[in-house]
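Opened the notebook to look up charged and aromatic side-chain contacts. Here is what I am working from.

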Amino acid sequence: QQQKQHQPPQQPPQPPQPAAAAAAAAAAAEEAAAEEATGASDDGEDGADDADSGGGGGCGTEEGRCPEDEALFSAASEVLQRLREQNPQFELDGFQNIWVLKPAGKSRGRGIQLSARLEKILDVGVGRGAEARWIAQKYIEHPMIINSKKFDIRQWVVVTRWNPLSVWFYLDCYIRFSFADYDPSKLKNRYAHLTNNSVAKHAEGFDDVVDETMWHSDEFSEHLAGLGTVRGGRQIEDPWLEIVQPAMKRIVYQSLECAQDNIQPRTNSFELFGYDFMVAEDLSVWLIEINSSPDMSYSTSTTRGLVKSMLEDLVAVVVDVEKFGSRPDRPRRKWDKARLETGRYELLEPLRRRREEKFPKIKKDAASLAVQGTGLKLRKPKKGECPRGMEAEDDPRFSALAVLAETADAPQTCDEAPGEEEEPGGDSDDGGGSSDGDA
């Protein structure tokens, strides 16, 4: 009777049992009740762990996810990995979709705005006059951070000749830190997002830490060496010389190569550029902008020494090596082997410059080349010439495409080319030159 009283009401009444069977059933019921109580206490203690593991209510595996969640997790991981392989900037994007807007008619950080709202970006970018020209760039939300500060790299580059392209890369540069700690959630704090010295100098307390806002590239190299970077199972001893700086050189040369054909060359002229780079957490290098008139002021103790030495080496490149002012054309050297006194300036792609200097000069009238002749006018077919209509396919016996396809499929020997016949009694080269010409 006690057993029947403890049974749930939805269960049907049990048939009468012998005494031994009833005792065994009572013992089993007590064990089940004890296990339920123990399981309930364990669930109460492990509730926080289940929440952290992402498991759904009541269904869980050893990883804390039910089979449905496990399948979704695997699919999401696969998609993210494919995005990482296809998108080189995958690691740079955050979750706020921040964009930086730069006015084309201003410099030194003036007028730069950050926004994650499309309506604001359109409101700023659509205007009148010179202020209507804006540059919109995707903001790097996950840059490398040093001492809670965002930073960029200012690199000097000198171009002394555009054809062939002659680019001199200064091996020393400086790092510019933001004044305030980096926080992507606070877009209105210009001192946390802009590293320009002309912007940071207006911050309260800047004069007390002015020399701490810049590093020499040697200090940055020491910092990178202490990160313990591993690539391909090998410890990188000097990431600055092995990873970062080679990437900067490659970007510099490729960017100038893109604009090479759009520059009007002038005799005895050169230009100094200021490249701004940023480095991500994985040591990938990204070009931010190129400045045509970089700052040469002694803003900090770091730039005071760098600017002086760079200008001295610039004179050595322009006057002593390139011979500006002493001869109308640039000297030709074995640039990949010559020992040049250029200080810390290094010529990029010296072998390519040496090779391209051997090319003959393009004649002045080469740009006016044109095809001259009389255009063919198709007449209307006469009656009976096209019995199947104008749009019908050509007869294979008279189709040029069919003849060319048949010729291409025919076997050929190594000594004769399609459509060519060897002239009897003489060489095929009437000009007397070698038949093995350069491509």
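**Aromatic contacts**

I started with the rings and found F151, F177, W215, F220 and W240 forming one aromatic cluster. A reminder to myself: this is a predicted model.

Next I ran the pair search, and the count came to 12 aromatic pairs. I looked up F179 and Y191 among them: the ring centres are 6.3 Å apart and the planes sit at 80°, so I logged the pair as edge-to-face. F179 is in the loop between β6 (174-177) and α6 (190-193), while Y191 is in helix α6, so this pair ties together parts 12 residues apart in sequence. I checked cover for both rings. F179 has a relative accessible area of 22%, which makes it partly exposed. Y191 comes out at 28%, also partly exposed.

Then I turned to Y275 and F277, which pair in a stacked arrangement, with 5.9 Å from centre to centre and 15° between the planes. Y275 is buried at 0% relative accessibility, and F277 is buried at 0% as well.

**Salt bridges**

My search of the whole structure gave 19 salt bridges. R154 belongs to strand β4 (residues 151-162) and D276 to strand β10 (residues 271-279), so the bridge ties together parts that are 122 residues apart in sequence. Both R154 and D276 are buried.

I moved on to R353, which forms a salt bridge with E322 at 2.9 Å, N to O. R353 sits in helix α11 (residues 350-356), and E322 in the loop between α10 (301-321) and β12 (345-348), so this contact links parts 31 residues apart in sequence. On burial, R353 has 1% relative accessibility and E322 has 0%, which puts E322 in the buried class. R353 also meets E357 in a salt bridge, at 3.1 Å from N to O. I noted E357 as buried, like R353.

Going back to R154, I traced shared partners and found that salt bridges join D152, R154, R176 and D276 into one network.

**Surface charge**

Which residues gather in a patch of positive charge on the surface? I got K106, R108, R110 and K201. I followed up on R110, which is in the loop between β1 (99-103) and β2 (113-115). R110 is partly exposed, at 40% relative accessibility.

Technical notes
Residues numbered from 1 in each chain as written. Predicted model: local features only at pLDDT ≥ 70, side-chain atom pairs only at ≥ 80, totals over all residues. Heavy atoms only, no water. Salt bridge = Lys/Arg side-chain N within 4 Å of Asp/Glu carboxyl O. Helix = DSSP H or I, 4+ residues; strand = E, 2+ residues; numbered from the N terminus. Buried < 20%, exposed > 50% of the residue type's maximum accessible area, 1.4 Å probe, protein only. Patch = residues over 30% accessible without salt bridge, like charges linked within 9 Å, V, L, I, M, F, W, Y side chains within 5 Å. Areas by Shrake-Rupley, 256 points an atom, 1.4 Å probe, with all protein chains shown as cover. Lys, Arg positive; Asp, Glu negative; His and termini not counted. Charge placed at Lys NZ, Arg CZ, Asp CG, Glu CD. Phe/Tyr/Trp six-rings, centres within 6.5 Å; stacked < 30°, edge-to-face > 60°.
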